[in-house]
Amino acid sequence: MKSSKSNLPELLAPAGDWETLKVGVAAGADAVYVGGKLFSARRFAINFDRDELAEAADYLHLRGRKLYVTVNTLIKQEEIDDLLNYINFLSKIGTDAVILQDLGALYLIRTYWPQLPVHASTQMTVHDGAGVRMLQKQGVERVILSRELSWEEIKAICEENQVEIEVFVHGALCVAYSGACLFSSLVGGRSGNRGRCAQPCRLTYTLYQAADHGRLLPVSEKEKHLLSPKDMALITAIPQLIESGVSSLKIEGRMKGPEYVGTVVNSYRKALDRYGEAPEQFRVLREELNALNTVFNRGLSSGYFLGDLGPLLISPDRPNNRGRFIGRVKMYDERRKRCLVKLEEELRAGDGVEVWVKVGGRVGTIVEDLTVNGKKVEAAPAGLEVWFALPQKVKPGDRVFLTSSQRLREKIQQMMRSDYSGSKLPCDLQVKVGPGEPLVFTMEGLGEKVVVTSAEKAQAAKKHPLTEEILYNHLTRLGETPFRAASFTTVIEGEPILYYSQLNQVRREAVARLSEKILAPHRRPPIDLWPVKNQVEEASVPQKRTGPSFLTVFAGNLDLLKVALAAGIPKVIFGGESFTPGFRWTKEYLGTAVELSRKAGAQAIIALPRITREREKKAITNFIRVSHDLQPDGFLLSHLGSLQMVRDHSDLPIYANHSLHFFNPFTLKLLYNQGIAGLTLSPELSKGEVFALIDCQEFGGVEVELLVFGALELMISQYCPVGAWDGGKKPQACPRPCRQRRYFLRDRKNIDFPVLVDEFCRMHLLNSRYLSLLRELNALKDKRLSLRLELRHQDPEEAAKVIQLFQQGLAGGGTEEDQSLLESLLGQGLTRGHFYRGVE
């Protein structure tokens, strides 16, 4: 097996500010991704303003690196004008690609900036080959896959598609599928889809099991970080990553600083280069693993890449930096406030340490006054016992962790120097000089070459002629420039002499001309936005949507479907995941559901699961074929892969679920050619945003649906806390307690969130309160909307009463009294979600 650096995947570094960007380059990143002040999914990072983005593009291009800019939030209709201006600017400065979540933004960029490469963000929730294929057809150059995929799945996706594939290899893991999480949005009012995630998943929860007489029994230890994954680290899996065929290895961390980014990038750079030189001898060095364990981490794991880890995926004891274990406390001197530690790893003065005490949490300090046998030292190796100052009491046996390293900080400080060689582009320099001729200086880098001649001719020297040493000292003095001399060749004929000022001028001119020659191909002329904005405004021209609205029921089983049809519901949805113990949507049950719907004169829509991984392709393909043969009135689809798979095997109408995030009319424009008959609006839209959107001309020809009742899904996760904490095993060996009992996650405020597990062992976390727009039906009844009741989780008797209340509301009720009846029926308070508050 042979490899080389030229065919290694790209190493992609994060940067939330200028210092971190420079360190990422110095550490060996091939490309850097950053966010601007607009439309960035890391709104709380420092990020880059426009001048800084332009400077960053030049800085990277002059060093042979690439700049990717995140535009990875959902775009509201009123933000389209700002988006157009921003994309035009990013294209002009030579951005190598924009990273997108919003499908409407993808439509606009492919329409008006076809030369600007687009990378599909992991926020698009692409987790199968069909989703990649769909985006490839839309002109996407690269797809960033969901972090839940195994390397076998990634390899299969790479083999069946031509676009570049990017995967995360290091850093924080979201517990939910990215782009499929409304936890922060619905609970805290801060939307992850808008770059404002408050990370409620990192807080403490207790898993409870429902017992007899309404009692809840704790399953896990109380108030643990049950939804907080360890960080991902795939440095040891570099051979599998390369074998899978991925194009880019992405490091997470735009909220992290230079020390973290520099250390992680440098560790992966060295490991990748070592693999490129000798794949068969590849190994990760201990010093690299130590470095990764020293900078910020919550504990490290392989995530899902090497298979589902079950409980080992999670770091239940702490959601923040863990550090690296380096020894145990031997004793504590209370009078002198000093601690004696037996080291298992080196410790240096200036290192940050944290002692995990048995009672009272953790005690941290920066190591000062480090002594061994009474003698002050700057560093102590493993095996020694050392004293250092510690302000709080600890006990013998307490564990000591290294949380920051003075050695690593010094290394990063070196990388931040302007003359650090790793930050410069290696160039080949050649000079030729002889009496009676101008000096000719050639500078070559990144495949570009410039030739500069001196303004004056060299003269014959009477004494002190030019030597190779003099020429080298003056012409390789590249200092603050982006370049360094990789080679220097001289041709000296005779004994010439030339003023040193001429040498310096030639060097400066060569640097300027080479810089301009390297940068020129990256810059693109901006487009005239006037006609573009006119066309965009035409798509948003109001066309008041009127007509009677009607109720739609999403039924979780046949009993619920029968209740809906008996109540005269004109449209029913069924299929998808099964949450009813002992029930699955088999061919027979689907056939019965379609037949019952036809007899009742109702539209029958078959739903596909929210997530359909590559490893489930065979089963999902069979499900689609079986469903097509039953000839329902359409499919409800929740992600791009499902859409592509249905189009591969069926010509039936498609209804796009809210998880495809219809925030602006251009998302519909992108999907319209796929045969979209209807769509469900995002539950993150406010009333005003909903009404503005449905009045757009684009929405006039399709059915528009709005969620008006149900326990909304806060997240979908490949990690199952029920299996982890009650089953106690990895998914493959889980006894499936979820099929016998009901479970809840209780937060610190004693609020309970229902936990459901589908047949694919994916966890669906539901909101603690039901969404109800019962009182808003009067404003919705004449908008020609499908008003969806999510009744997948009710019992039939309760569902019948919910339907009756909403039918009365649509007929002119929806009073406070009706709302109180609904609350009493459900035994809990209700929420109107974002209908009035929206998301920022």
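This is a predicted model: local features need pLDDT of at least 70, side-chain atom pairs count only at pLDDT 80 or more; totals for chains, interfaces and linings use all residues.
1. **The β23 and β27 pair.** Strand β23 (residues 425–433) runs parallel to β27, and 9 bridges connect the two. Within this pair, Lys 432 is placed opposite Val 491 of β27.

2. **Helices α15 and α16.** Packing between two helices is described by the angle between their axes and the distance between those axes. For helix α15 (residues 558–566) and helix α16 (residues 587–600), the angle is about 5° and the axes are 10 Å apart. The two helices are therefore roughly parallel to each other. On the α15 side, the contact is made by Leu 558, Leu 561, Lys 562 and Leu 565. On the α16 side, it is made by Tyr 589, Thr 592, Ala 593, Leu 596, Ser 597 and Ala 600. Sorted by class, the residues of this contact are 7 nonpolar, 2 polar and 1 charged.

3. **Helix α1.** Of the 10 residues of helix α1 (residues 18–27), 8 are buried, so this helix is largely enclosed by the rest of the structure. The buried residues are Trp 18, Thr 20, Leu 21, Val 23, Gly 24, Val 25, Ala 26 and Ala 27. They pack against β1, β2 (31–35), α2 (50–61), α9 (258–277) and α11 (406–415).

4. **Strands β37 and β38.** Strand β37 (residues 743–746) and β38 run antiparallel and are joined by 4 bridges. Phe 744 has Pro 754 of β38 as its bridge partner. The two strands form a hairpin with 5 residues between them, and Asn 750 in the turn has a positive phi of about 65°. Strand β38 (residues 752–757) has 5 of its 6 residues buried, so it is largely enclosed by the rest of the structure.

5. On to strand β39 (residues 763–766), which runs antiparallel to β38 and is joined to it by 3 bridges. Val 757 has Met 763 of β39 as its bridge partner. This hairpin also has 5 residues between its strands, with Cys 761 in the turn at a positive phi of about 65°. β39 pairs with β36 as well, in the antiparallel sense over 4 bridges. There, Glu 713 is partnered with Leu 766 of β39. In strand β36 (residues 713–717), 5 of the 5 residues are buried, so β36 is largely enclosed by the rest of the structure.

6. **Cysteines.** Cys 696 counts as buried, with a relative accessibility of 1%.

7. **Positive phi in loops.** Glu 223, a residue other than glycine, has a positive phi near 50°. Glu 223 sits in the loop between β9 (216–218) and β10 (231–233), and its relative accessible area of 48% makes it partly exposed. Lys 337, likewise not a glycine, has a positive phi near 55°. Lys 337 is in the loop between β13 (324–333) and β14 (338–343), and is partly exposed at a relative accessible area of 43%.

8. **Asn 7.** This residue is in the segment before β1 (10–15). Asn 7 counts as partly exposed, at 48% relative accessibility. Asn 7 and Ile 242 are separated by 235 residues in sequence, while their C-alpha atoms are 9.4 Å apart in space.

Methods: Residues are numbered from 1 along each chain as its sequence is written. Side-chain values use heavy atoms; hydrogens and water are left out. Axes are lines fitted to C-alpha atoms, for helices over the stretch in contact, and angles run from 0 to 180 degrees between N-to-C directions. Angles under 35 degrees count as roughly parallel, over 145 as roughly antiparallel, 65 to 115 as roughly perpendicular and the rest as oblique. Contact means heavy atoms within 4.5 Å. Ala, Val, Leu, Ile, Met, Phe, Trp, Tyr, Cys and Pro count as nonpolar, Asp, Glu, Lys and Arg as charged, and the others, Gly among them, as polar. Buried means under 20% relative accessible area, exposed over 50%, partly exposed in between (1.4 Å probe, protein chains only). Two strands pair if DSSP finds at least two bridges between them.
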